[in-house]
Amino acid sequence: MKFRKFLAVFLAAVCMLSALSFNVSAAEEVLGDVNGDSVCDVLDCMLVELARNNQITLEGAYYAAANLAEDDQIDMNDFSAVVNRVFA
């Protein structure tokens, strides 16, 4: 009986924690990390290229991570900057 009560409380806590969203702090942000996985890799290059060609729309932190040139547009300069970060 105690085990069932413990299990019910534990599962309720897990459900509540899974509903929370966690923000990455500024210290954990990775420059060029467009998909938010804390790694700047080829997937980020692909996302910047898709955004540059208007095939996807990036917003908020994702847009800021892709706009490395900080010129209010996702363009070849941003793509090159992400590629350089990945392959440097």
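**Figure 1. Overall view of the protein, a predicted model.** The protein exposes about 6700 Å², of which carbon and sulfur atoms supply 61%; accessible areas come from the Shrake-Rupley method with a 1.4 Å probe, and for residues only the protein chains shown count as cover. Its secondary structure comes to four helices and zero strands, in the order α-α-α-α from the N terminus on. Helices (H or I, at least four residues) and strands (E, at least two) are DSSP runs, numbered from the N terminus. Of the 88 residues in the protein, 22% are buried. Buried means under 20% relative accessible area, exposed over 50%, and partly exposed in between (1.4 Å probe, protein chains only). Among contacts with a separation of 6 or more, 41% are made by residues 24 or more positions apart, a contact being heavy atoms within 4.5 Å.

Residues are numbered from 1 along each chain as its sequence is written, and side-chain values use heavy atoms, with hydrogens and water left out. Because the model is predicted, local features need pLDDT of at least 70 and side-chain atom pairs count only at pLDDT 80 or more, while totals for chains, interfaces and linings use all residues.

Figure 2. A search of the whole structure finds zero disulfides, defined as pairs of cysteine sulfur atoms within 2.5 Å. Cys 40 counts as buried, at 16% relative accessibility. Cys 45 is buried too, with a relative accessible area of 6%.

**Figure 3. Close-up of helix H4, residues 76–87.** H4 has twelve residues and spans 16 Å from its first C-alpha to its last, close to the 16 Å expected at 1.5 Å a residue; the expected span is 1.5 Å times one less than the number of residues. Which residues of H4 are buried? They are Asp 78, Phe 79 and Val 82. These residues lie on the same side of H4, because they cover an arc of only 100° around the axis. The arc is that of the directions from the helix axis to the C-beta atoms.

Figure 4. On the face turned away from the buried side are the exposed residues Asn 77, Asn 84 and Phe 87.
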